[in-house]
Amino acid sequence: WSSDVCSSDLGILVGGLPLLQWMGRGLTPVTVENLARFAWLGACQFLVFRHGIVRVDTEHLYEAFFLTGIPRILLLLPWPSVFSLPWFSKTTAFSRVRPAYWTGTCLALLVTILAASRTFLEQGIVRQIGFLGMPSRDAAVTREVSQSTPVYSQAGAAGTNESVDVFTSQLAYAIKKDMPLRNRPVIQSYSAYSKHLAEMNSTFLESSAAPRTIYFHFGSVDYRYPTMEDSFSWRSLLTHYEPSAMRDDYLVLRRRDIPSAYEMTPLATRTFRLGEIVGVPAVSEGLLWAELTVRRTPLARILNLVYHVPKMTMTVSTRRSRRGFTLLDETAGAGFLLSPFIPNTASMAEVYQRKPLHTATEDVVSLSIVRPPEAAGMYESEAKLKF
């Protein structure tokens, strides 16, 4: 958490320097027009910062600071003014360089930045297509599940002109294969982190505008519980689509002619304190849907408007393992698929089968919610869980 805060504070510094510089140079004289320009620039800077602190992993920090932030500062600093300072002009000949040369240097630097960004983007797409994030064991299990089930066949893959989408977020695969994409409104599952956004995607998948084929590939970000991202879409996939093939370690889902019916049966409601281990009801048939409500305090709501609230951890135990995940309280309260735990593409393939055939999925037996010390005062001490 400390590194995350340092990164965010660094983001404030890098993103705010051009704004501070403009305040010192652009507000003179102070007029209504200049104040309006400052307000517009300030709003843009705030939105950039507010978006940037959502992700603080190494890859995004590299993009933010080395490809964007630091070069932007270099471009906007008044270098001729710096080099003409008395203490500098006595020791270097740079003070005699004309401004035109500085303009050319800045343009060359900008071109270099754009070229580096393009190279980085291409490398990222290649990494995605190469399935480097998918362990070889999961790929082997997926193939084993598909081979043992007659419904899967290469013939079930999407046709040339059929609309497709990629779930959860590996859109590079469809781009590389030149498939006709028909994306959900929120095109990446990890971005559907609220009830409203998840409902938008689910409504789209259940409408007549939905893609005919969906290529499913397991993935989540920031150690989130997988089915909390785009939570309602998981239910839409299970009711409106069915598996038809395995292709390049993707589970190919074809749209059902008639959606599968389902019934939500209340099992239990429990109120528990944070840190307490809560048992999960065993379900002999069907899937277990959960609505986990953890309320934020007024202080957290105010902080979330301008910064970000530290996330809590949800520890999930199965009969095989015990894992900790980042809790998305925004979607957890609306509901998500809790059990079986789906750790890979093979598990998703098994969810469509009857339980006696399951080998990759794991039933959840208990869970607990842990509030980190830095989140003290941000969340209420009790939570509510409805199965």
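Predicted model: local features only at pLDDT ≥ 70, side-chain atom pairs only at ≥ 80, totals over all residues.
Me: What is the mean pLDDT of the chain?
Reply: Some 61% of the residues reach 70 or more. Residues 127–138, though, stay under 50, and over residues 148–155 the pLDDT is below 50 as well. The chain's mean comes out at 76.

Me: Which element gives the largest share of the largest nonpolar core?
Reply: That core has 31 residues, and Y225, L292 and M314 are among those with the most contacts inside it. Elements giving two or more residues to it are β7, β8, β10, β11 and β12. The largest share is four residues, and it comes from β7 (288–296).

Me: Which residue touches M314, V316, F325 and T326?
Reply: Look among the residues with the most contacts inside the largest nonpolar core. The one you want also touches F336, L337, L338, F341 and V364, leaving out residues up to four places away in sequence. It's Y225.

Me: Is S169 buried or exposed?
Reply: S169 sits in the loop between β1 (164–167) and α8 (171–176). Beyond four places in sequence, S169 is in contact with Q188, S189 and Y190. Its relative accessible area is 18%, and the cut-off is under 20%, so S169 counts as buried.

Methods: Residues numbered from 1 in each chain as written. Heavy atoms only, no water. Core = buried A, V, L, I, M, F, W, Y, C linked by side-chain atoms within 4.5 Å. Buried < 20%, exposed > 50% of the residue type's maximum accessible area, 1.4 Å probe, protein only. Contact = heavy atoms within 4.5 Å. pLDDT = per-residue confidence, 0-100.
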